[in-house]
Amino acid sequence: MDKLAKIVIPGDLISEKPLKIGEGVFIEDGKVYANVYGILDQKDRVRVIPLAGKYIPRRDDTVIGVVTEIDFSSWHVDILSPYEARLHIGEYPGRIDQSEMSCYIRVGDLIVATVLDVGWTMKVDLTIRENQFKILRGGKLVEISHTRVPRLIGRGGSMISMIKRESACSIFVGQNGRVWIQGKPENVRLAERAVEMVVREAHTSGLTNRVVEFLNANK
Amino acid sequence: MADGVYTFFKDGLRLDGRRKDELRPLKIEAGVLKRADGSCYLEHGGNKVMAAVYGPREVHPRHLHNVTQAIVRYKYNMASFSVDERKRPGPDRRSIEISKVSREAMESVVLKERFPRTAIDVFVEVLQSDAGTRAAGINAASVAMADAGIPMKGLVTSCAFGKIDGEVVLDLCKEEDNYGEADVPVAMIPRTGDITMIQMDGHLTFDEFKEGMKLAIRGCDQIYELQREALIEKHQNDLKAKE
Amino acid sequence: MSDNDILTEIYRDQMYNLLQRQERGDGRALDEYREISIETGVLERAEGSAIVTIGDSKVAVGIKMQPGEPFPDTPDVGVIITNAELIPLASPTFESGPPGEVAVELARVVDRGVRESKAIDLKKLCLVEGEKVWLIFIDIHMLDHGGNLLDAASLGAIAALLTTKIPNKQYDLAEEDEPLPIVDIPVAVSMIELEGNLLVDPDHIEEAVASTQLTIISNRDGTLSGMQKMGSGPISLELLEKAVELGIRKGQEIREKYLYPLMNEIPRL
């Protein structure tokens, strides 16, 4: 994505040929239009990368959630989305008793989880079996727009690996836009500023180099 | 006016120097509020309005939700100090009706089925009113919706036409509205040309109506360009703000 | 989806199938009203009244008048105040409580029709300039919601006004009560749009299925005095213009058939 990234608004005509389309567009009378405010990308397929919008969970997404409530069989988890997610007791790695649920995961805990399923009416189920389950403690939570997550991770994880390395922090990015940073306080502050920089300049060219420069200059 | 005491044209131009088919000056700025998911500040003639969009978000009260799509809610509110004589705060019958027709003007472009069980809330606050506040509110709300990243099949744009001294004109100002013979607010989707709101009161012949619709559509096309510019400018400003 | 939504979907399919042959569920032509009846002077405590039925819809309108203060910006003209209530008696879908947005919109559209057509010569209703004028209260009660309440309400309002007597005696203002000075007769004609067709006078099922409804209010000379689009569906300019023409034509028919007979003499245009 270069400096001259083309911004489109909902309803803009993008292409007269409805071939290979991606997100953020719709077809009407054989023509492709943008349905969201964002950056036009025509590299592999025609799509619009949104500049804003709420996180809508998709199956297999890894998210950072906050436990808000415990009922008789599941933890209710806020995932920075219009839809609350549920983590059923059966998804906990290992057998536990209903009466002990709050001993394992408490209200207010920050957890890393995977979206197991999204139902027809947007009923969202999580699981923590697949990845190594952890409760995030002692770091700093930063919330960014989920639309910037792909850029923050970078191609093949290049951007986030670089930030981790240069800032000497452990960083975890949820696809829902929650970022958790752990390290020495001054390093955490540095990493946070690098994340902010990526969020702001997500759609400009030469960003990785600028972030490296920034991190080196401020170490 | 019919009795000829007051005239609205001088040398073919209107009181404020405009031609019959000319809009009042507009200024549109997107993304002006920090907490809202999307926002817009808009000035149109003497109107100053602020629009904020929240959502899609959980619906409260819960029973109002729809399991197949998002509900859109639209609240138009006039600040008590927006008019010469202080307006009593809170919703009145006029603002209830304006909220309803404005919501209906916007609903058809929103891809509501993407967000079952949620609400998309639009709040329009009129800070200073001239004539045409509902159109100004819709224009601002439309930009705020896009700014919030809500998927839509196009923006909605609105302006009014009216009749003064027996002449059909675009975009009445306050004096014209107070003494004019008709006022017709129109909203449309410039991309398709479809009309999404029309109201009329006053006195018009069928031919005058058709003539006025032509003016309103041209007016909407011009406003639409300003809406799009505001959104593009917002992104550029975000980039500039980096240092 | 609630039961009603599912039913609406079923009706939608049936209606679309019929429309292929330009037919409606009850056999009416697309531009045909259901049977209309108007009874006036039926409510004796009111200065004017009407009960209007259009098909299964029934609406009662009462006019009350009393002297009161004019608005400061119009010190020498009478005041019209219109109110509508969708009381739960009229439909399983209506709820108690203060008027909701549908009732408010309906009342305001009826009100604008009466006001903007200048149906009443309000200058003649000034008693003492700046101090006392006649207030006219138009109160609309929906009794049975069979669809198109707006036209029934509007027809009821104008019919009741045509038969209203100013209560001079009650307030010791003159020897005799006298008729309201009516100078024009606005008629509201509502229709829905479905698949590019315009269906006049929708019943409540047609209303539920349609997402675009239009009301056209016109005067005796065929000019427009009001218009309102309701519902979230868009409409093309071409169809809108067709709707306006149709509204004016149907309005004229209703005026001649149902409203002129209520007048002793029809004033010249």
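**View 1. Domains 1 and 3 of chain A and the separation of their centres.** In this predicted model, the centres of domain 1 and domain 3 of chain A, taken over C-alpha atoms, lie 29 Å apart. The domain assignment places domain 1 at residues 7–50 and domain 3 at residues 140–218, with domain 2 covering residues 62–136 of chain A.

**View 2. The contact between chain C and chain B.** Chain C contributes 34 residues to this contact and chain B contributes 30 residues, and the two chains bury about 2,900 Å² between them, of which 58% is on carbon and sulfur atoms.

**View 3. Salt bridges and polar contacts between chain C and chain B.** Five salt bridges are counted between the two chains, and among them is the one that joins B:Glu97 to C:Arg112, where the closest N and O atoms are 2.7 Å apart. Across the interface of chain C and chain B, 17 residue pairs are found in polar contact, both residues of each pair being at pLDDT 80 or more. On the side of chain C that touches chain B, at least two residues each are supplied by strand 4 (79–85), helix 2 (101–116), strand 12 (224–230) and helix 5 (237–259) of chain C, and the largest share, eight residues, comes from helix 2. By class, this side of chain C holds 14 nonpolar, 11 polar and nine charged residues.

**View 4. Strand pairing between chain B and chain C.** Strand 11 of chain B, residues 194–204, pairs with strand 12 of chain C in the antiparallel sense over four bridges. Within strand 12 of chain C, C:Gln228 is the bridge partner of B:Gln199.

Key
Residues are numbered from 1 along each chain as its sequence is written. Chains are lettered from A and ligands numbered from 1 in the order in which they are written. This is a predicted model: local features need pLDDT of at least 70, side-chain atom pairs count only at pLDDT 80 or more; totals for chains, interfaces and linings use all residues. Side-chain values use heavy atoms; hydrogens and water are left out. Domain bounds come from an automatic or database domain assignment. Contact means heavy atoms within 4.5 Å. Buried area is the accessible area (1.4 Å probe) that two parts lose on being put together, summed over both. A salt bridge is a side-chain nitrogen of Lys or Arg within 4 Å of a carboxyl oxygen of Asp or Glu. A polar contact is a pair of N or O atoms within 3.5 Å; within protein, one must be able to donate a hydrogen and the other to accept it, and residues adjacent in sequence count only if both atoms are side-chain atoms. Ala, Val, Leu, Ile, Met, Phe, Trp, Tyr, Cys and Pro count as nonpolar, Asp, Glu, Lys and Arg as charged, and the others, Gly among them, as polar. Two strands pair if DSSP finds at least two bridges between them.
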